[in-house]
Amino acid sequence: KNSAKSMEKELVTCNLQEKEKTAIDRSQIFQIPQRNDLETKVIVVLGKAGMGKSILIQKICQDWSNGEFSQFEFVFWFDCKQISLHEKRYSLRELLLEFFVKPQDGSKEIFEYILQNPDKVLLIFDGFKGLHDHENFPRCSTSQPEKDLCSIKELLSGLIQKKILNGCTLLFTARPKDRLYQYVSKVDKTIEIVGFSHQQRELYISKYFEESPYCDSALKLIKDCEYLFSHCYSPVMCRFVCFLCETVLEMGEKSLPSTLTEVFLKFFQQKIMFMQRDVANTQNQENLATLARVAWCLGEKHQSAMKSDLIPSEEVKEFALKCGFFLPFAFPRHSDSEEEEFGSTFSDFVIQNFLCALHLLLAEEFKDKSLTKYLSFLSKKKKPYNWLDLMPRFLAGLMFLQDDSCFCSLSNEDAKQSTKKQKTLLKYIRRLQMNTLCPERLLELLRCVYETQNNYLLQHVALRLEPDLSFLGIVLAPPDVHVLHSILKRSRKEFSLDLRNSSIDMQGLQALVSLRNVTSFRASLSDTVRLWKSLEQTKDYELLKASTEKFVLDPFKAKTLKDIGDLSNLVEMQEKMMHCVQEASGFTSYEIPAIRNLRKLEFALGPACGLQGLLKLVKILAAFPSLQHLDLDALSENDIGDEGAKSLSEVFPTLKSLETLNLSQNKITDLGAENLATALPSLSSLKTLSLYNNNICDFGAENLAKVLPAMTSLRVLDVQYNKITGVGAQQLTDSLRKCPHIKNLVMWNPTIPYGVLEHLHQLDSRISV
């Protein structure tokens, strides 16, 4: 790849059911295979604030103007912050050809063409969160939605419901936590921007300082501050860190701040310093306090923009614009005679978050004890401030920085008050029952405590962490991994970590796994194997061996073909490990403990991939010597059929430890039962066999009956809900007399007369009625 392409943030498509991720190119965004082109297509781009969703949209528009995405003749791009402020009603024509762009002539003909060719229209709504304001979208009930006047919400609702411009393409951008799916019932494609990789961070910083006299020292300075470098995975944070690094180097300083709060405290100080030539410092402090109140009032409404006439004073507005805290924008006019309206928006979500924290600390109405309720690690009954997700961390950090010279330049708060607030937070966290916190809130607690850099708090939290820490399904961004790593390192406890579906990167996984007091961990199989391959390539055999011994796989549930592929890669990795261990220690054999100790394997691929997945699975089953429970029963039904049953039966002789085999609901017929029966005696440890709800008839029952005496370890056989009649039931009963080891035969079938089954139960009480 050339350097321009490597600078692009990675795009990831998410299959919402299977949760598989695949990197894609920008040119693939609008490719939706097996899709009816005559219906509206809905594409969603997810990404945390500052990940570059709006930049991606700008790039799409630029590419389209240069001839790419030629399937679209019209592209309309709406900033949801801007259109949500406007309370006017529009027809679709006015929204497209008045609000967005006004053609010099021929607007009627253009609109008619758009209505007749909706498949050539792309509508982009950037920052979808700004539209719903916690309300349900109104149903679009107008009879002529293209022509009647509607609110923005009603128009958008009509587009989504396919009542307006059916056949167009809708592209939304939103944050992952914004509940988009309750408004968009059918999403055809979901893309997530995951930010900069480790290498892309380095490249961005190098490009930023390319023509600077500090180009050689800047990257090293930022990388030496690991916490700040971890935040550079976010493009917007990377820009802030680079700006601060440049300022620090210009001032002749040799180190960067250690927390995010200190970074933005210094950033605000630098911005306001330029204002002090014209205005007294106390006036700047007052303007900042007013701006912080505005940030908080908007933040509570999940907004970042407002009409300019609502800003408290022209002085505050000018202050915010000069410092770069505000950006202006103008609303389009319906007619030349209409007066132009202006709005202002915070230039960045981080700036608004920091100002909100500053307001909570400075405003008189917020007493010491009430401040803690604005932290996000509260009781389960109270909702955290998800939209202002950085605000709690800034609030905790500022409480312990109120005697800092940077803070003093922004505020004239009394030192006694700051000490009081610190004590309030210390007391609150000491009393907090950490074992009651869900993983997401525990992680937020760790983030907040880290921002304080208070040794007592850091040690207190480290000592009270539970030994079993699960972050299953919780996204662990690089800064989260750094915080978790630094706090775990402080504890003397031994920890077991569950990092599955956490999107942790390889560097983060390696850092956590290498901690001595992390004695076991679970993580995505593909991530784990990728880490091991990397360690093998770098010949770090010591960490490779240590991490394989810590890895836990049991129990394992395969839900996708990718899971089976990852399991195969794990088995393949064991063969490579043998060579590594032999080279490092001279041993001739080595087993990865996770493979050796896997006892339960659940298989739930569903009917579409069930047989294909099983045929791959049987090739590696022999690699798991301790496998005791093989469960092929799934709610979605795997439908392995007779071919799957035959394939599985061929590997029975290798499954020496298998005690439970569940083949329920797999459409196995007499042919499959015959193949199974031939091989079942080789399962020398089998105790429970379930063939519930298949298509086995009397011939299959007869074959099972023949081998029951040879299955000396079997205790329970379940053949209910098949198609066995009284004939097959009698054969199983006769065989049961020769099997004193069997304790229960579950045999109810709708095809067996109840009287017959009752009679057989009287003959042998082990038969369940």
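Reply: Helix H7 (residues 152-160) is largely enclosed by the rest of the structure, because eight of its nine residues are buried. Buried here means under 20% relative accessible area, with exposed over 50% and partly exposed in between (1.4 Å probe, protein chains only). Helices (H or I, at least four residues) and strands (E, at least two) are DSSP runs, numbered from the N terminus. The model is predicted, so local features need pLDDT of at least 70 and side-chain atom pairs count only at pLDDT 80 or more, while totals for chains, interfaces and linings use all residues. Residues are numbered from 1 along each chain as its sequence is written, and side-chain values use heavy atoms, leaving out hydrogens and water.

The buried residues of H7 are Ile-152, Lys-153, Leu-155, Leu-156, Ser-157, Gly-158, Leu-159 and Ile-160. After the helix comes Lys-162, with a positive phi near 65°.

Now for strand S7 (residues 189-193): five of its five residues are buried. Lys-189, Ile-191 and Ile-193 point one way, Thr-190 and Glu-192 the other. S7 runs parallel to strand S3 (residues 41-46), joined by four bridges; strands pair if DSSP finds at least two bridges between them. Ile-43 sits opposite Lys-189.

Last stop, a loop: Leu-401 lies between helix H16 (391-399) and helix H17 (405-410), and counts as buried because its relative accessibility is 11%. Leaving aside residues up to four places away in sequence, Leu-401 touches Thr-261, Glu-262, Leu-265 and Phe-407, where contact means heavy atoms within 4.5 Å.
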